[in-house]
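The sequence and the coordinates are shown first, and the description follows.

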Amino acid sequence: MAKKPAQAKESPEIVADRLRRMKWWTEARFGMFVHFGLYSQLGRHEWVMNRERIPVKEYEKLARTFNPRPGSPREWARLAKKAGMKYMVMTTKHHEGFCLWDSKQTDYNAVKRGPHRDIVAEYVAACREFGLKCGFYYSLMDWHHPDGHRCVKDEKARRRFCDYTYGLVQELMSNYGKIDILWYDVSWPLQSPEKWESAKLNTMARRLQPDILINDRSQLPEDFGTPEEHISAAQAGRSWEACMTFNGSWGWRPTPPEDSHSARKVVTMLQQVTSGQGNLLLNIGPKPDGSVPPEAIERLTTVGKWTAKYGDVIYGKVDRPEGLEGWAGCGTWTRKGKDCFFWVFNWPGETLAIGGLRTKVKSVQLLPEGQSLRFKQEPRRLLVKGLPKACPDKAVQIPILKINFAGKGRQVLSAGVCDGF
Ligand code: GLC
């Protein structure tokens, strides 16, 4: 993980180039993570090989039976599009070491074994067909390659393993046309970017893919931070993307339906990332045959109904709602320039109150249509009137009001209720 801010000692040219490359990404907000590999067949988490100490030779047999239905990546991409996601990131090689593409570095891959098809090629084609940006997850850690752990103690093994890593990443960056994101993961066991030769790796990736975005998991900060299973904004100026599982496991694991995030929960995550100028990369773990678990289909379809109505609030350039309270009663805020958005998590009925606003309100509108609402601004609260009795968002019960202030909106809510506080 990044220890220092990315821009610490970067030249203005590098910073400007990053802004250019990252434009689409900072506006995309919502992406789909896909964890798919041999482990998907077992349904016991993608760390199953390690956690259950399955011997390499025994685990390798899973490659024979791995046979996702052709067209599975199209199902993922179709669902991502429907949910309002703008990009995808798929595990081309997870910690298990099995490559989902036609590698020349190893025959432990999906073309030489199992389905005898290039799953990465199918995935890239699916992203393109549905107009989604295309990202490659790549695990540096490798439990299958004999040098994958030896490399920490044996310099010759390190040399071989770095060359192997370089070769694999080079194939990924060379053979599939334009790739938008290189998403590294777990850099165990080598302890430094020098040992991994990360700078060399990333220079090669950028030479082959000049627009590519690279995450912070090759032990270099690169373009964006990757909080995992929590949504915490990076400091302003640093891009970040929260990656979240749907049900506590990245790889497929059958769980009771209530273990999967509800559509409403996903929308609350979208509020959190939007207010912090970050992205949400939400995972699906396809089943062994490549199909998407029904809970994810159902919930993402509902999320899609919401993004179809309120998407303008999350996509595009957003700002942090500084000066406005994170916990403001029945809802909370996001912002885009002069427009402030109040996401109503608990619909109060015909009148809605927001306390502690210190700035004059110019207008209040109900999205998505934007009809103007009557309001009364008292010294200590804003009363919005004439709202529909029933919550107007039928998908997840999170409608949004657009509020314009005369100037930068400010809200002060202390624990006391006395006048002036
Ligand atoms: C972790 C896990 C891994 C998962 C990843 C996603 O680092 O090791 O299984 O792929 O997070 O962020």
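A cavity is here a set of grid points where a 1.4 Å probe fits but cannot get out, and its volume is the space filled by probe spheres set on the points. In these terms, the largest cavity holds about 50 Å³ of space. The model is a predicted one.

## Enclosed and open space

The structure contains 1 cavity of 30 Å³ or more. Two elements, α8 (155-174) and α10 (198-208), each give two or more residues to the lining of the largest cavity. The greatest contribution is that of α8, with 5 residues. The lining of the largest cavity is made up of R159, C162, D163, T165, Y166, W196, E197, K200 and L201. Sorted by class, this lining comprises 4 nonpolar, 1 polar and 4 charged residues. In general, rolling a probe the size of a water molecule over the atoms shows where empty space is left.

The second largest pocket, in turn, holds about 480 Å³ of space. Its lining consists of 17 residues, and L19, T26, G237, S239 and Q277 are the ones that lie nearest the centre of the pocket. Helix α1 (residues 12-28) gives the most to this lining, with 7 residues. By class, the lining of the second largest pocket has 4 nonpolar, 6 polar and 7 charged residues.

## Overall fold

The protein chain has 12 helices and 16 strands. Its radius of gyration is 23 Å, close to the 22 Å that the globule rule gives for 421 residues, so the chain is as compact as a globular protein of that length. The C-alpha trace spans about 75 × 45 × 40 Å along its principal axes. Of the 421 residues, 58% count as buried.

Which residues of α11 are buried? They are A263, V266, V267, T268, M269, L270, Q271, V273, T274 and S275. Because 10 of the 13 residues of α11 are buried, this helix is largely enclosed by the rest of the structure; a residue counts as buried under 20% relative accessible area. Helix α11 (residues 263-275) reaches 19 Å from its first C-alpha to its last, close to the 18 Å expected at 1.5 Å a residue.

Helix α12 (residues 294-314) has 21 residues, but its end C-alpha atoms are only 26 Å apart, short of the 30 Å that a straight helix would reach at 1.5 Å a residue. A kink of about 65° is present in α12, centred on A308. After α12 comes G316, whose phi is positive, near 90°.

The loop between β8 (279-284) and α12 contains G285. This glycine, G285, is buried, with a relative accessible area of 10%. The C-alpha atoms of G285 and R253 are 7.5 Å apart in space, while the two residues are 32 residues apart in sequence.

## Backbone geometry in the loops

Most residues other than glycine have a negative phi, and most peptide bonds are trans. The table lists residues and bonds that depart from this pattern.

| Residue or bond | Feature | Angle |
|---|---|---|
| W188 to P189 | cis peptide bond | omega about 5° |
| L367 to P368 | cis peptide bond | omega near 5° |
| Q397 | positive phi, not a glycine | phi near 60° |

Where in the chain do these features occur? P189 lies in the loop between β4 (181-185) and α9 (193-196), and P368 is placed in the loop between β12 (361-366) and β13 (371-372). H45 belongs to the loop between β1 (30-34) and α2 (48-51), whereas Q397 is found in the loop between β15 (381-385) and β16 (400-405). Q397 is partly exposed, with a relative accessible area of 38%.

Notes: Residues numbered from 1 in each chain as written. Predicted model: local features only at pLDDT ≥ 70, side-chain atom pairs only at ≥ 80, totals over all residues. Heavy atoms only, no water. Helix = DSSP H or I, 4+ residues; strand = E, 2+ residues; numbered from the N terminus. Expected span 1.5 Å × (residues − 1). Bend = angle between axes of the 7 residues up to and from the residue. 1 Å grid on protein atoms, 1.4 Å probe; cavity = no way out; pocket = protein on both sides within 12 Å on 5 of 7 lines; lining within 4 Å. Nonpolar A, V, L, I, M, F, W, Y, C, P; charged D, E, K, R; others polar. Rg over C-alpha atoms; globule rule 2.2 N^0.38 Å. Buried < 20%, exposed > 50% of the residue type's maximum accessible area, 1.4 Å probe, protein only.
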